[in-house]
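Below is a set of questions and answers on how two chains are arranged and how they meet. Please look at the structure before reading on.

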Amino acid sequence: MIRPLALVGQGVTYAIFAAILGVFANGPAYAPAPPDQAQIVLSFTHGGKPAGECRERAADELAKLAPNMRRKLVCPRERVALLVELEVDGKILFRESLPPKGFAKDFPSNVHRRFVVAPGTHRIEARLRDSPRGEGFDYHGATEATLAPRQSLAVDFRAATGGFVFR
Amino acid sequence: MNAVRAPLRFLFEHAENLFDRIFGPRWNPFSCLGALGWYYFWIVCGTGLYLFIFFDTGVHEAYRSVEYMTHEQWYLAGVMRSLHRYASDAMVVMVVVHMLREFAFDRYRGARWYSWLTGIPTLWFLFAAGITGYWMVWDRLAQYIAIATSEWLDALPLFGEQIARNFASPAQLSDRFFTLMIFMHVAVPLVLLFIMWFHLQRVNYAKVNPARGLAIGTAAMLLVLSLVVPAMSQGPADLAQVPTPVKLDWYYLWVYPLIEATSPLFTWAVLVGGSFALMALPWVPPEKKVAAAVVNLESCNGCRRCATDCPFAAIRMGRRTDDRPFPEEPVVDPGLCVGCGICAGACPTAMPFRRMGELVAGIEIPDLTTAALRDKVEAASRGLRARPRILVFGCDHGAKVANFAAPGIAAVSLPCTGMLPPPFVDYILSRDLADGVVLTGCRNAHCRARLGVRWTEERIEGARDPALRARVPRDRLVRIWTSDKGAIAAELSAFAAQLAALKPAPSFPPADKRRVAEAAGERA
């Protein structure tokens with residue numbers, strides 16, 4: 001026989017548990033980024049040029065190889081590190097050397113970074129060096145964008161389509 | 001470690017006392033935490049199957065299909081969605097409280113290491129299942145989770161190309177991604193189910209269903225919550241917008257603020273390191289090794305009761321190794337035995353009446369053999385100086401029964417009250433060793449050896465072998481299943497008054513005539 005007071009107690013217990021579930025399943029709200037700011041995302045993958053010169057194998061070198069592996073031109077697997085620069089309104093937000101991935105350093109380098117910027121119009125420039133040259137950049141892209149609060153602008157890089165893409 | 005466990009244990013004991021009063025021992029949610037976890041898991045599976053019918057995979061279709069379920073078919077699919085969410089949240093609560101409780105009551109070391117160890121990976125799969133579920137809605141919260149999770153994964157040097165690039169701009173996300181997510185959201189809970197099954201492998205009679213009243217109550221609670229606060233999406237995801245602020249489900253998504261506040265690698269270190277630390281707990285420090293039960297083949301008839309009653313699957317029946325005419329004998333796995341002695345309590349050869357030869361039961365705990373227990377009982381009885389004389393049997397893990405000793409009260413503590421063979425009660429009363437017997441131990445359904453209280457109750461009620469003989473006067477026997485010293489003292493006083501009011505105990509006929517008389521009575 002269930003006592004009426006116990007039934008009330010059970011009801012109260014269920015109500016408290018339901019309230020705890022309901023409250024923390026739907027909040028409190030959390031702001032991972034300031035809602036009154038905009039964002040630029042620098043995100044791309046690109047493989048640098050080979051770190052060394054290609055060379056032709058000599059005849060005796062080729063003869064030592066298995067027939068199916070006798071390729072004349074041999075290039076080093078290692079790629080150069082990329083140098084990436086992101087400038088907003090003349091201020092460098094990001095400048096970093098991105099090493100190639102992989103044990104043999106022959107995988108593309110990649111970057112994915114988020115930057116909080118104030119809403120408004122900005123001049124955004126991106127530069128990339130992917131060759132062994134010591135100075136300067138191989139690619140350069142620039143745009144002027146007006147960003148609203150919470151707007152996100154992606155800066156991508158596509159070598160096949162000519163370089164940086166702002167979208 | 002005891003300094004950490006003691007306050008937790010204090011909190012649990014008080015909460016459980018309160019819940020015993022509200023729900024009663026059978027419906028007390030604290031005695032069904034694991035079972036409630038299973039129950040919520042099945043609710044999540046059932047509702048998930050229904051939602052799967054209407055869910056559409058695609059960048060825009062996913063959100064639209066969830067919105068259809070929430071608003072147009074709110075009365076069924078919408079309620080199912082809410083039940084799916086709240087049952088998942090309730091499962092997290094149950095799993096975490098279950099884990100804390102096992103820790104507080106020191107039920108994770110020794111032979112129980114396996115259940116503890118296999119419980120830790122369930123946490124990872126539980127959270128992974130929840131996170132992939134939130135991802136599928138593809139609202140602003142899902143967008144945030146997708147970005148934060150992929151960035152978190154990218155911090156590990158495992159992936160050639162960064163996953164987070166998929167969410168950098170709207171052009172980069174493909175419909176096929178949602179096909180992958182639905183696969184993940186089905187596969188991860190399946191692995192979780194497998195680990196949950198694994199988790200129970202060294203437990204006999206695992207409780208995977210809560211008491212019916214509790215199941216109905218908690219289901220009604222979830223339904224009301226689903227109708228009052230239905231689960232809603234937070235606007236469609238838009239990769240050209242920063243998803244901030246978002247309303248988090250803090251049961252599953254608490255890790256994201258931690259990642260943002262620290263760093264992805266730091267969070268990995270905390271969670272992976274924390275998981276390994278938790279897994280190592282049973283050995284920090286290891287439990288003092290108790291002597292495992294031993295089988296005495298010369299007294300064993302291979303009746304299987306010990307193997308049936310062992311709560312930890314430590315006894316299996318093997319082929320007989322002696323020349324006695326029985327097909328099987330119990331084989332004890334010392335690695336699984338917790339030394340509770342429930343097997344000795346189940347043994348039909350643990351007969352204290354036996355005086356011919358040495359008293360050796362078929363299975364015994366070396367630290368307290370049946371003969372030693374009889375000696376202890378007789379010694380305790382000799383110490384009783386006032387009437388009514390009460391012999392109290394307690395459990396080493398419940399209230400300390402020695403504290404109740406008085407001129408008319410003597411106490412015998414056992415590793416588990418389930419270790420006491422029912423013939424001992426008969427022996428004490430029929431040989432006039434005491435006027436009454438009290439059995440006490442852990443709170444009902446909270447037995448440290450899991451089934452000691454249940455088996456004792458069933459043996460006394462005659463529902464389980466070895467059953468207490470019908471001739472034993474039940475008004476001279478009291479069971480008190482609580483660790484509350486005050487409650488035990490009060491029950492003892494009431495029992496003493498009850499015994500004082502009773503007529504003197506009947507004098508039983510000599511053993512040989514008694515059996516004949518009983519048999520005649522049963523036939524009648």
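**Pairing, contacts and burial**

Q: In which sense do strand 1 of chain A and strand 1 of chain B pair, and over how many bridges?
A: In this predicted model, strand 1 of chain A pairs with strand 1 (residues 246-247) of chain B. One of the residues concerned is Tyr30(A), which stands opposite Val246(B). The sense of the pairing is antiparallel, and the number of bridges is 2.

Q: Which element of chain A gives the most residues to the side that touches chain B?
A: The contact involves 33 residues of chain A and 36 residues of chain B. Helix 1 (4-25), strand 1 (29-30), strand 2 (38-46), strand 7 (109-117) and strand 10 (152-158) of chain A each supply at least two residues to this side. The most, 11 residues, come from helix 1 of chain A.

Q: How many residues on the side of chain A that touches chain B are nonpolar, polar and charged?
A: This side belongs to the contact of 33 residues of chain A with 36 residues of chain B. Split by class, the side of chain A has 16 nonpolar, 13 polar and 4 charged residues.

Q: Which strands are at the edges of the open sheet of 4 strands in chain A?
A: The strand order in this sheet is 6-5-8-9, with antiparallel pairing. Inside that order, strand 5 (residues 82-88) is joined to strand 8 (residues 120-129) by 6 bridges, and Glu85(A) has Arg127(A) as its bridge partner in strand 8. An edge strand pairs on one side only, and here the edges are strand 6 (91-98) and strand 9 (139-147) of chain A.

Q: Is Leu499(B) buried or exposed?
A: Leu499(B) lies in helix 16 (residues 485-501) of chain B. Leaving out residues up to four places away in sequence, Leu499(B) touches Pro388(B), Asp435(B), Gly436(B) and Arg476(B). Pro388(B) is 111 residues away in sequence, yet the C-alpha to C-alpha distance to Leu499(B) is 6.4 Å. Because 20 other C-beta atoms lie within 10 Å, Leu499(B) is buried.

Q: Which elements are included in what covers the buried residues of helix 6 of chain B?
A: Helix 6 (residues 140-154) of chain B has 15 residues and reaches 21 Å from its first C-alpha to its last, close to the 21 Å expected. Its buried residues include Arg140(B), Tyr144(B) and Thr149(B). Their cover includes helix 5 (113-136), strand 1 and helix 9 (255-261) of chain B.

How values were computed
Residues numbered from 1 in each chain as written. Chains lettered and ligands numbered in written order. Predicted model: local features only at pLDDT ≥ 70, side-chain atom pairs only at ≥ 80, totals over all residues. Pairing = 2+ DSSP bridges. Contact = placed C-beta atoms within 7 Å. Nonpolar A, V, L, I, M, F, W, Y, C, P; charged D, E, K, R; others polar. Buried ≥ 20, exposed ≤ 12 C-beta atoms within 10 Å, placed from the backbone. Expected span 1.5 Å × (residues − 1).
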